[in-house]
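Dear colleague,

I am passing on the structure below, and after it you will find notes on what turned up in it. Please read them with the structure open beside you.

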Amino acid sequence: MDHAAEAMKTDLMTITRFVLNEQSKHPESRGDFSILLSHIVLGCKFVCAAVNKAGLAKLIGLAGETNVQGEEQKKLDVLSNEVFVKALVSSGRTCILVSEEDEEAIFVEPSKRGKYCVVFDPLDGSSNIDCGVSIGTIFGVYMLKDGDESRLEDVLQPGKNMLAAGYCMYGSSCTFVLSTGSGLNGFTLDPSLGEFILTHPDIKIPKKGKIYSVNEGNAKNWDGPTAKFVEKCKFPKDGSPAKSLRYIGSMVADVHRTLLYGGVFLYPADKKSPSGKLRVLYEVFPMSFLMEQAGGQSFTGKERALDLVPKKIHERSPIFLGSYDDVEEIKALYAAEEKA
Ligand code: AFP
């Protein structure tokens with residue numbers, strides 16, 4: 001019998017145990033972050049259950065329509081947002097929330113206020129729900145800059161100031177990927193236990209990858225460096241094999257594959273969208289934070305993505321993230337263009 005493997009099966013590292021272990025390395029910690037995280041995890045479990053039932057919802061009435069009991073069905077992204085806002089506020093550890101679903105930032109009332117600011121997209125890739133493609137929740141956590149007063153500037157900090165970031169992917173399994181700034185770890189939901197179990201410890205992205213991931217339908221509007229990079233992926237001149245193209249159109253799924261298999265994910269600026277499509281606070285920053293923690297890089301076409309200082313909460317930015325060497329190539333193409 002393989003006793004080590006048996007021990008693994010019976011000595012389960014749940015996400016709660018993992019975070020408490022991390023917390024014990026900081027004797028001054030009062031456990032506030034662990035409490036906040038347990039509320040984020042609860043939100044993810046709820047959304048996971050709702051996403052799994054999305055197909056069945058057709059039997060009782062489509063989201064956004066009226067079901068057979070005459071009740072209005074909430075759209076999944078609206079429902080997910082409500083769940084996360086309530087879970088975060090009730091944690092008693094948050095002060096400002098920025099959600100993709102809400103135009104304005106939410107300032108938590110004083111009696112429930114804590115020191116963390118959470119930026120999140122409750123259900124990213126929601127246009128993929130009806131065809132059963134993997135979708136996810138993305139989040140990032142900041143600390144109030146100073147004192148007890150919360151101001152909008154507290155969530156307009158550069159991404160490098162994030163304390164933690166993560167995503168939960170609702171796919172063939174439910175996977176929670178988290179970094180608190182010392183590496184990257186992945187947990188898979190065991191539905192029989194209702195617990196996330198550590199399944200991907202210390203994720204490191206391959207230094208160079210064999211995959212590129214981009215919406216090529218936008219190619220006619222790309223800038224020079226993006227077009228040159230994609231051309232290089234398909235027709236390399238240095239004798240290396242061409243890269244494969246994989247594009248799901250759901251950032252969590254595309255980034256998850258990039259982290260595990262290597263390569264590069266890009267959503268560049270183009271003539272139609274000069275700032276790209278993806279949102280800085282709850283797409284670009286958390287994913288860039290995770291990518292760097294895994295040993296990769298993230299670049300906007302001008303600078304390191306985590307150095308960006310957002311001016312608005314729903315600001316967008318172009319993004320190139322993935323394996324270190326692949327992003328180096330993109331940086332070199334932009335540098336060459338600037339020189340020319
Ligand atoms: P939806 O939430 O509207 O499905 O958008 C998903 C997303 O924000 C991100 O998850 C994808 O990477 C990106 O948009 C896909 O955009 P394109 O459809 O333009 O390729």
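Helices, in what follows, are DSSP runs of H or I of at least four residues, and strands are runs of E of at least two, both numbered from the N terminus. Axes are lines fitted to C-alpha atoms, for helices over the stretch in contact, and angles run from 0 to 180 degrees between N-to-C directions. Please bear in mind that this is a predicted model, in which local features need pLDDT of at least 70 and side-chain atom pairs count only at pLDDT 80 or more, while totals for chains, interfaces and linings use all residues. Residues are numbered from 1 along each chain as its sequence is written, and side-chain values use heavy atoms, with hydrogens and water left out.

To begin with the helices, H3 (residues 32-52) packs with H5 (residues 76-90) at an angle of about 160°, the axes lying 9 Å apart. Residues in contact (heavy atoms within 4.5 Å) include Leu36, Ile40 and Phe46 in H3, and Leu79, Val83 and Phe84 in H5. By class, this contact has 13 nonpolar, four polar and no charged residues, where Ala, Val, Leu, Ile, Met, Phe, Trp, Tyr, Cys and Pro count as nonpolar, Asp, Glu, Lys and Arg as charged, and the others, Gly among them, as polar.

Turning to the aromatic rings, those of Phe, Tyr and Trp (its six-membered ring) pair if their centres lie within 6.5 Å, and planes under 30 degrees apart count as stacked, over 60 as edge-to-face and the rest as tilted. By this rule there are eight aromatic pairs. The rings of Phe299 and Phe320 have centres 6.3 Å apart and planes at 40°, so this pair is tilted. Phe299 belongs to strand E12 (residues 297-299) and Phe320 to strand E13 (residues 319-322), so that distant parts of the chain, 21 residues apart, are linked. Phe320 also forms an edge-to-face pair with Tyr334, at 5.5 Å centre to centre and 65° between the planes, and Tyr334 lies in helix H9 (residues 324-339). Phe299 and Phe320 are both buried, as is Tyr334 (buried means under 20% relative accessible area, exposed over 50%, partly exposed in between, with a 1.4 Å probe and protein chains only). Elsewhere, ring pairs join Phe139, Phe176 and Phe196 into a cluster.
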